[in-house]
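Please look through the sequence and the model below.

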Amino acid sequence: MINFDLFQPSRVLGHRILGADAFVLSVERRHLSFRAGQHVGVGLPGEETREYSIFSGQNDETLEILVRVVPGGRVSTSLSHLRPGDLVQVRPPRGSFTLAVRQKDERLVLISTGTGISPYRSFLRSFKDLDYFLVHGIRDLQDDWAAEFAPEDHRLVCLSRHFPQGTVLKRPIFEGRVTNWLAQADLDPSKDRFFLCGNSRMIEEAKSVLLGRGIWGDRVHAEIYF
């Protein structure tokens with residue numbers, strides 16, 4: 001049974017559409033403290049909730065989550081209908097997929113698929129001095145959400161579906177999956193620290209590729225999106 005005493009009511013402040021099936025929901029933060037990379041449970045008052053990685057930064061005034069509407073998904077569908085003034089329930093943040101320990105001169109290689117990009121936006125909004133490279137695996141160009149917060153020289157889109165011939169591309173793109181890129185990328189095992197966030201298949205394959213390149217242990221951090 002869910003203990004609703006753990007939840008706090010928050011008012012919706014904004015609903016920003018990012019594509020055909022994705023949106024950013026902004027709600028009152030209400031003094032909620034969290035670390036970039038953590039996740040919160042969100043849902044309608046008294047109803048089922050789902051865990052979402054926090055999309056906003058530690059010092060932002062509002063709390064934001066990135067939501068993809070899942071066919072048949074009760075929570076994502078319910079959240080998609082919310083508008084400013086509506087109420088949601090927010091469970092306290094949890095999770096250890098954070099930058100609790102930062103090493104001098106390290107580069108963060110941030111690898112994600114789909115909405116797994118959420119914690120990385122929180123990283124970048126929370127820490128302005130990061131040396132990083134962001135790799136985002138998507139199936140459609142409209143899902144290139146990193147374009148709004150990461151400059152082109154710090155990010156790469158891995159497009160797993162072929163784009164139509166003659167398409168004009170205005171962003172750095174690798175044709176293939178993120179694991180294909182990882183297998184041939186110029187990496188520095190002594191400097192690079194890897195964060196993996198996305199579906200379980202990608203994470204297991206990425207770990208295998210990294211292991212084959214001599215990278216494992218505390219150089220690799222993972223968060224699975226179910």
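The paragraphs below take the helix, then the strands. This is a predicted model, in which local features need pLDDT of at least 70 and side-chain atom pairs count only at pLDDT 80 or more, while totals for chains, interfaces and linings use all residues. Residues are numbered from 1 along each chain as its sequence is written, and side-chain values use heavy atoms, with hydrogens and water left out.

Helix H4 runs over residues 200–212; helices (H or I, at least four residues) and strands (E, at least two) are DSSP runs numbered from the N terminus. Its 13 residues reach 18 Å from first C-alpha to last, close to the 18 Å expected at 1.5 Å a residue, the expected span being 1.5 Å times one less than the number of residues. After H4 comes glycine 214, which has a positive phi near 80°.

Met202, Ile203, Ala206 and Leu210 of H4 are buried (under 20% relative accessible area, with exposed over 50% and partly exposed in between; 1.4 Å probe, protein chains only). They lie on the same side of H4 because they cover an arc of only 95° around the axis, taken from the directions from the helix axis to the C-beta atoms. Arg201, Leu211 and Gly212, on the other side of H4, are exposed. The buried residues of H4 pack against strands E7 (107–113), E11 (192–198) and E12 (220–224) and helix H3 (178–184).

Strand E5 (residues 62–68) has 5 of its 7 residues buried, so the rest of the structure largely encloses it. E5 pairs with strand E2 (residues 22–28) in the antiparallel sense over 7 bridges; pairing requires at least two bridges found by DSSP. Valine 24 has leucine 66 in E5 as its bridge partner.

Terms used. Contact means heavy atoms within 4.5 Å.
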